[in-house]
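Thanks for making the time this morning.

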Amino acid sequence: MPRPTARVLTLLELLQSGGTRTVAELADRLGVEGRTVRRYVDQLIDLDVPVESVRGRYGGYRLAPGYRLPPLMFSDDEALAVLLGLVAGRRTGLTTAQHTANETASAKIRRVLPRHIARRLDTLLESLAFTEQPGEFDTPDAGVLLTLADAVHHRRPVSIRYTDRDGRRSERTLHAYGIVAHAGRWYVTGEDARIGEDRTFRLDRIVDARALPGSFEAPVGPGPAQRVLSAFATAEYRHEVTLRIHGTVEQIRARLPAGIASLEEHDPAAGRDRTTERWLRVELRAERLDWLPPVLASLDRPFVIERPDELRDLVTALADRLASHARQGAPHEEPMP
């Protein structure tokens with residue numbers, strides 16, 4: 001690469017680092033004279049890079065917003081961070097870009113990565129594990145996401161068309177409090193204006209969002225993330241479960257987080273903190289109960305099942321199976337030749 005071209009790219013990288021750069025500073029960093037810096041700036045402008053001149057004592061050059069994205073100059077660590085973000089976002093379902101856009105963006109960065117960085121990236125990707133399988137979750141429409149984000153920021157009502165898990169379609173007016181990413185999906189939480197109650201909606205089930213005139217007051221109390229977790233914990237499911245568990249809040253939350261269960265003291269007493277062992281009432285709702293007995297066993301804390309009886313039967317069956325396995329002797333092994 002000719003040295004002048006390399007210096008033009010270096011100039012672009014310096015400007016992309018932010019702020020206003022004086023001609024003297026740029027000349028010193030590039031090892032050229034001031035008039036050469038001005039010539040390099042003209043070359044960037046010819047390439048439609050939005051460089052603007054700043055007058056005054058502390059004037060110089062800076063990048064301005066343009067009508068298209070100029071070439072970006074990344075350090076090795078920056079390129080690696082962007083690429084990992086694209087990979088992780090695609091794997092967990094939290095990227096809002098179309099699949100093709102995600103793939104082409106990743107390919108562009110990988111093509112220009114230095115070989116030693118590319119090898120490090122391949123090694124890292126081979127060692128990564130994800131709790132969710134690729135493509136398991138639908139990704140929200142970018143336009144819907146941006147419309148909702150604008151409604152949250154400006155406290156404006158928004159009309160959404162929504163399809164629930166049973167396939168029922170409805171149109172609602174939402175006072176959106178916030179957008180939350182949780183467990184591989186995007187959610188919006190807010191007040192359903194028609195019924196005057198808080199609701200949580202999956203973004204990938206919103207087929208259209210449109211801003212409406214007017215405004216609303218921001219609510220007091222829990223933030224959007226806590227509201228989403230509370231909505232999960234109190235949602236309608238097939239089974240309603242009530243337990244009493246003796247332990248600390250931390251011990252119980254390690255196996256039954258806020259997104260699954262709600263906690264309250266069975267025998268409240270003043271002055272107790274989260275590290276004090278005591279009886280806590282645990283309530284949750286679930287479509288299935290078969291996952292709960294192993295969770296209760298892993299807690300290794302005294303517990304009482306208040307409801308349902310079906311869960312009590314499942315726990316007893318698990319205990320019987322474990323006891324049966326424990327009573328069995330080691331299998332007979334043939335001696336090694």
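**A walk through the predicted model**

Let me begin with Thr189, which sits in strand β5, the run of residues 185–192. Please keep in mind throughout that what we are looking at is a predicted model. Is Thr189 buried or exposed? Its relative accessibility is 1%, and because buried means under 20%, Thr189 counts as buried. If we set aside residues up to four places away in sequence, Thr189 touches His175, Ala176, Tyr177 and Gly178, then Arg199 and Thr200, and finally Pro224, Arg227 and Val228.

Turning to the helices, which way do α2 and α3 run relative to each other? The axes of α2, residues 23–30, and α3, residues 34–46, come within 9 Å and cross at roughly 95°, and the two helices are therefore roughly perpendicular to each other. On the α2 side the contact is made by Val23, Leu26, Ala27 and Leu30, while α3 contributes Gly34, Val37, Arg38 and Tyr40.

On the surface, I would point you to a nonpolar patch formed by Leu72, Phe74 and Val82, which together have about 240 Å² of accessible area. Of these residues, Leu72 is placed in the loop between β2 (60–63) and α4 (76–92), and with a relative accessibility of 43% Leu72 counts as partly exposed.

Arg155, in the loop between α7 (142–154) and β3 (158–163), has a positive phi of about 55° although it is not a glycine, and at 25% relative accessibility Arg155 counts as partly exposed. Asp300, found in the loop between α10 (292–299) and β11, likewise has a positive phi, near 55°, in a residue other than glycine; with a relative accessible area of 63%, Asp300 is exposed. Further along, a cis peptide bond with omega of about 0° joins Arg307 and Pro308, and Pro308 lies in the loop between β11 (303–307) and α11 (309–327).

Finally, the chain overall. The protein has 11 helices and 11 strands, and of its 337 residues, 31% are buried. Among contacts between residues at least 6 apart in sequence, 60% join residues at least 24 apart. The protein exposes about 21,100 Å², with carbon and sulfur atoms supplying 50% of that area.

Note on methods:
Residues are numbered from 1 along each chain as its sequence is written. This is a predicted model: local features need pLDDT of at least 70, side-chain atom pairs count only at pLDDT 80 or more; totals for chains, interfaces and linings use all residues. Side-chain values use heavy atoms; hydrogens and water are left out. Patches are made of residues with over 30% relative accessible area and no salt bridge: like charges are joined within 9 Å, nonpolar side chains (Val, Leu, Ile, Met, Phe, Trp, Tyr) within 5 Å. Accessible areas come from the Shrake-Rupley method with a 1.4 Å probe; for residues, only the protein chains shown count as cover. A salt bridge is a side-chain nitrogen of Lys or Arg within 4 Å of a carboxyl oxygen of Asp or Glu. Helices (H or I, at least four residues) and strands (E, at least two) are DSSP runs, numbered from the N terminus. Buried means under 20% relative accessible area, exposed over 50%, partly exposed in between (1.4 Å probe, protein chains only). Axes are lines fitted to C-alpha atoms, for helices over the stretch in contact, and angles run from 0 to 180 degrees between N-to-C directions. Angles under 35 degrees count as roughly parallel, over 145 as roughly antiparallel, 65 to 115 as roughly perpendicular and the rest as oblique. Contact means heavy atoms within 4.5 Å.
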